[in-house]
Amino acid sequence: MNILMRITRMAYYYRKRLILAYFSFFAAIGFSLLIPWLFGKSIDQLVVIEGVLEEGGRLIPNPDLTWQALFVLASMLLGASLFRGFFDFARTYTTDSLSQLVSYDFRNQIYDKLQNVSFAYHDKEHTGNLMSKATADVEAIRRFVNMGLVRSLEVVVRTIAVTSILIWINWELALISLIFVPFLILRSTLVIGKLRRMWLHVQEVNGELVTVLQENLVGIHVVKAFGSENFERRKYEKKAQELREEYYQSERLQGTNSAWMSLYFTFALCLIVWYGGWEIIRGDLTPGQLAQFVLYLNQLTFPIRASAQIINSFSRAISSGRRIFDVLDSSSPVEEKPDARVMSRAEGHVRFEKASFAYDARSATLQKVDIVAPPGKVTAILGAPGSGKSTIVNLIPRFYDVTEGRVTIDGEDIREFTLESLRRNVGIVQQDIFLFDATIRDNIAYGVSNASEEDIINAAKVAQLHDQIMSFSHGYDTWVGERGSTLSGGQRQRLSIARTVLVNPPILILDDSTSSVDVETERQIHQAMVNVMKGRTTFVIAHRLSTVREADQILVLKDGQIVEEGNHVELMARRGIYRDIYELQLRPQEEVLLDASLAGGDGGDN
Amino acid sequence: MRGMGGGFGGMMGGMRGLQSGGINSPTMDSLSDENALGAVYNNRVVLRLISYMGPYRSDVIKSLIAVLIYTLANASIPMLILLGVNNGISSGNFWSMHPLHLVGAAFLAVTLVHFASNYLQFVFMARVGQSILYSLRTQMFSHLQDMSPSFYHRTATGRIMSRSQSDVLQLQETFEMLVLALADVLTLAFIIIFMLVVDWQLALVSLSIVPVLFFILAYWQRFARRSFMRIRRAIAMVNGEYNQNITGVRVVQSLNRQEENLRHFEELNHEHLDANLQASRFSGGLQPMVEFLIGIGMGFGVVFVGGLLAKNGNLEWGVLLAFAVWIQRFFEPIRHLTMQYGVFQRSMAAGVRIFELMDLKPEVNDKADAIEMPPVRGEVRFEDVNFHYVEGVEVLQDVNLHIRPGENVALVGSTGAGKSTLVTLIHRFADVTNGKITIDGYDLRDVRRESLVSQMSMVLQEPYLFSGNVRDNIRYCYDDATDEDVIDAAKAVGAHDFIMALEEGYDTILAERGVNLSVGQRQLISFARAIVGDPRIIVLDEATANIDTHTEILIQEALSHVLEGRTSIVIAHRLSTIRSADKIVVLDRGRIVEVGRHEDLLRQGGVYARLYAINYGLAHDNGAEPGGGQLIPAPADND
């Protein structure tokens, strides 16, 4: 219920529309109530009862009725219909626009939340799941605003109005025909809860099915390589079967509910004709009143039928609302201080002071790490997978926050600054390179929206990518990303470097994973990296020892702690882990050298 | 929904063999545009959809019968009112009012029939609808499994996702719509028949407004269609932007792009809002007109004309009441039908898109008389193999190669030389354009692909893991593999220790694409997966790339065990790794230019020697280690 209150509050922001919607549906109901009344009046004008039917009286046409009177009644009916139509339109439009505005707001909020929430959140959430929140769940909320917020009230008002009129006309007949309404409401209430639970489950299973599909499509090469098509088919069929069953059950319940509703309506009509007929015969009811009963009851058809949908919209809104508010309420572990300052261009003095970090409470990923990185120097980080290399560099732009200790830039705790200004000072070339669905130019200029053409080209040159871009038929206008062309791993890496160069940050992080390229590309990337590191405080997660050797300091990590640090020469002298790694990998290289000299002249330079 | 799963194209980029190096021509998509909208009714789509009902024929028939009974009962209710009024009430004397009880009882019976048929209509409809949805889904998925990798390379994942998710859902809705539309049409027909039978004059007068209504609707649809297309385009943009921002969130945050992005998104979102408001004005604008027409029908048709007839004693008042109810019930299905216009149009478009995808012919197909591949020994032969994706752009030319069982072959060549293409052909990712490839003497095209491929294995450049736990990922499709087999495989590749160090060992659940593991760890798991089925032929496509030095060492140690006793073909740029190969095959622009052992090739002073020298030269330039730092120790046996 709390969830529905929150959605309502979002709608309340547009209260003018909401009030207009309420006003128009009140007016529409008013005019629509006139129609059966006028019709009943017409019947009573047409037919009169001579005596009492029970005692041998009879129904005869009213001899006093003039065609003018009929014309007036007919015109009034037409007028009531026209006004009713107009106010219905007003109601539809205001409600639609209200629900669209609310979903518009929700979309913006979710979008903004998701792009600002820290990495820790995205590490946990599947893209497909987040997408379904932004699409299906927002749609459920839109329906709720439309159906639940306005329509449900309309249903209630109309039901009460019609009931009162019926009681006023003939309380006995009203009682008989409406006696089942409370049971109907009770039944619906029970169905609400059940449908909600079922719907949640359907959503869950559907999500699982989408995951199977998506993973299959993205990993189709694995499927092909293993010839596991049939295995995948079985996996998918099993989930699809489960979904079919769940869907069916929830649809059946919905159908049952709807069938019960119309049963009530038909049954009530039956009672009206049967018992109402008897009342006319006894003289307690006029033919016109019977007609009014039938038509008023007819007016209850739509609300009663719609209420099944409305009930459904409530239960969906509760489950969808919960999923959406989960996103909107998720507190980002990385928050800006209220009094955060703007960091001007940093000199680049980075320090870790007893910095610790844990992804969850159970195990620490980094333990009391101390690092001093002077301006313009290169720090290489080495270590086994899971030793905490990526964690260290992710702490600098505050993608995650330290759990203990602190990280400082130019002597000040980075948590004192706004995220935006901090990140402008820290450039990062990530391991997973993501290209946006845009041109190469836009991708390079992603971080600097007002970059000049010259700057962009320069950045591409620094990243050793310019020549290749120029070789594409559309040059910088070549479209890349999901719907565009595919760049090779090496090209993506360099584009990512160009993107960072353009921002020109004093502190640079290179999460280096470029070993999947051939020799020529390798050299271009290496050159790009050498270019870009000039004059910046650089942290490199290195997989290539050439970079490591050139570094001003090398940190060797093990289980979240720095076990060795120093430059290449110092560490070699130490005969520790670094030396082990180095030795293990150097020896074959020396053999290569030896072989190459055997191979003769054309090797030296090129 | 396009763009679902966007940004997952990384895998595609990894298979460089399937693209001719570097950049490709912009999406040569074989699928039509998502936004194309066709007619409201497409006979081919409807017929084809109906064919999906075949297996559920009896349920379909039951649901149609239920619909028929339901609509008839529904339309007959005013008739019962009429009978009650005319025969029950008007006849006077209480003791002669047996007819009222008779009508009342009949009414009650119809009520029960109405209820039962209504309930059954829902049940059968849901059952058939869900069954069709299931069939469509699984057939679509099954078909997708048959498509070759080059199709996936050409086609963005998001587009396939949207076809197999939202379009399929749309078609299921279509089925329910068809049934409901049928119910609407039947209701209209029954009402018209009843009205004509009861009083044809009054019926004609009251129904005279119907042509006007249809005229208005036809006019209105032109606008509705346009505004509907606008909504569709707008929502596609909104969702695409959403998807991109979620998948690219790490870049967005590191480059401080949030404000700019939000501004851009708000624009797209606002366009979507405007499009919807416009649509709402159109659809809402219909309301006053319909109400006006009902007013004419009720006011001037029933009350005025009917009243005049009744006044002259030509009509019972019960007829007026029944007509009033009928007219109200008459407009309901019409309104309902027109409201479904958009759904219909969307459904037809979805149908066209789905069937278009389903009709794509898989490029690699098992022959009808394909035989089961007997246990593989591991002899691979390329005989005059040519291969191209696009006519005239040969990726492989005149390739002749003989690999003996158990031989360890290294493929060498620059980017775009055709290395990846060559190895994927062994797995029949595509069929050769000319010549043939045989394994143990069997032409690949003569055996069932699955029976062959299940005896081979491949480790791709970028490790790809499925969600689920570590154990299931290693076992993957080898259902027969026991837990011990899984552990043995993990031990053989040196993954066991790190797996045991995970929180729940082999039961640790992997996050999306295994992001909670490092690339190296993921690669180790994919290694284990590759050998758990004990393949006779193993292909490593730069499988040792992307791994940190520490894991690299682990893998290199494991590799000799993995390759032992198996035919192996390794693509690697690291000459130190290649040196130990039994045979080095040098590819250049799609041709095999040299074959031999390391020392022999160096002595020849050809392409291999040059590549080798460049590798050395690079290192020399930088004053660092040779190999540009690709410091990979040779396999253990070389030490």
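In which helix of chain B is Ile65(B) found? Look for helix α3 of chain B, for that is where Ile65(B) sits. Keep in mind as you explore that this is a predicted model.

Let's stay with Ile65(B) for a moment. Its relative accessible area is 44%, so Ile65(B) is partly exposed. Together with Ile61(B), Leu68(B), Ile69(B) and Val113(B), Ile65(B) makes a nonpolar surface patch of about 400 Å². Helix α3, which covers residues 57-89 of chain B, gives the most to this patch, with four residues.

Now let's visit a residue with another kind of setting. Ser457(B) belongs to strand β6 of chain B, residues 456-459. Is Ser457(B) buried or exposed? Its relative accessibility is 0%, so Ser457(B) counts as buried. Setting aside neighbours within four places in sequence, you will find Ser457(B) in contact with Phe226(A), His427(B), Ala530(B), Pro535(B), Ile537(B), Ile538(B) and Val539(B).

Next, turn to chain A and see how two helices meet. Helix α1 (residues 2-12) and helix α5 (residues 127-169) of chain A pack with their axes 11 Å apart, at an angle of about 85 degrees. Because of that angle, α1(A) is roughly perpendicular to α5(A). From α1(A), the residues Leu4(A), Ile7(A), Thr8(A) and Ala11(A) meet Ile141(A), Phe144(A), Val145(A) and Leu149(A) of α5(A).

Finally, let's look at charged side chains. Side chains of opposite charge can pair when their charged atoms come close. How many salt bridges does a search of the whole structure find? Over all chains, there are 51.

One of them joins the side chains of Arg282(A) and Asp284(A), at 3.3 Å from N to O. Arg282(A) counts as partly exposed at 28% relative accessibility, and Asp284(A) is also partly exposed, at 45%. Another salt bridge links Arg351(A) with Glu353(A), where the closest N and O atoms are 3.4 Å apart. Here Arg351(A) is partly exposed with a relative accessible area of 33%, while Glu353(A) is partly exposed at 23%.

In chain B, the side chains of Asp472(B) and Arg475(B) form a salt bridge at 3.9 Å, N to O. These two residues are three apart in helix α15 (residues 470-475), so about one helical turn separates Asp472(B) and Arg475(B). Asp472(B) is partly exposed at 42% relative accessibility, whereas Arg475(B), at 16%, counts as buried.

Salt bridges can also be traced through a network: Arg84(A), Asp88(A), Arg91(A), Arg151(A), Glu154(A) and Glu291(B) are linked in this way.

Conventions:
Residues numbered from 1 in each chain as written. Chains lettered and ligands numbered in written order. Predicted model: local features only at pLDDT ≥ 70, side-chain atom pairs only at ≥ 80, totals over all residues. Heavy atoms only, no water. Patch = residues over 30% accessible without salt bridge, like charges linked within 9 Å, V, L, I, M, F, W, Y side chains within 5 Å. Areas by Shrake-Rupley, 256 points an atom, 1.4 Å probe, with all protein chains shown as cover. Salt bridge = Lys/Arg side-chain N within 4 Å of Asp/Glu carboxyl O. Buried < 20%, exposed > 50% of the residue type's maximum accessible area, 1.4 Å probe, protein only. Contact = heavy atoms within 4.5 Å. Axes fitted to C-alpha atoms, helices over the stretch in contact; angles between N-to-C directions. Parallel < 35°, antiparallel > 145°, perpendicular 65-115°, else oblique.
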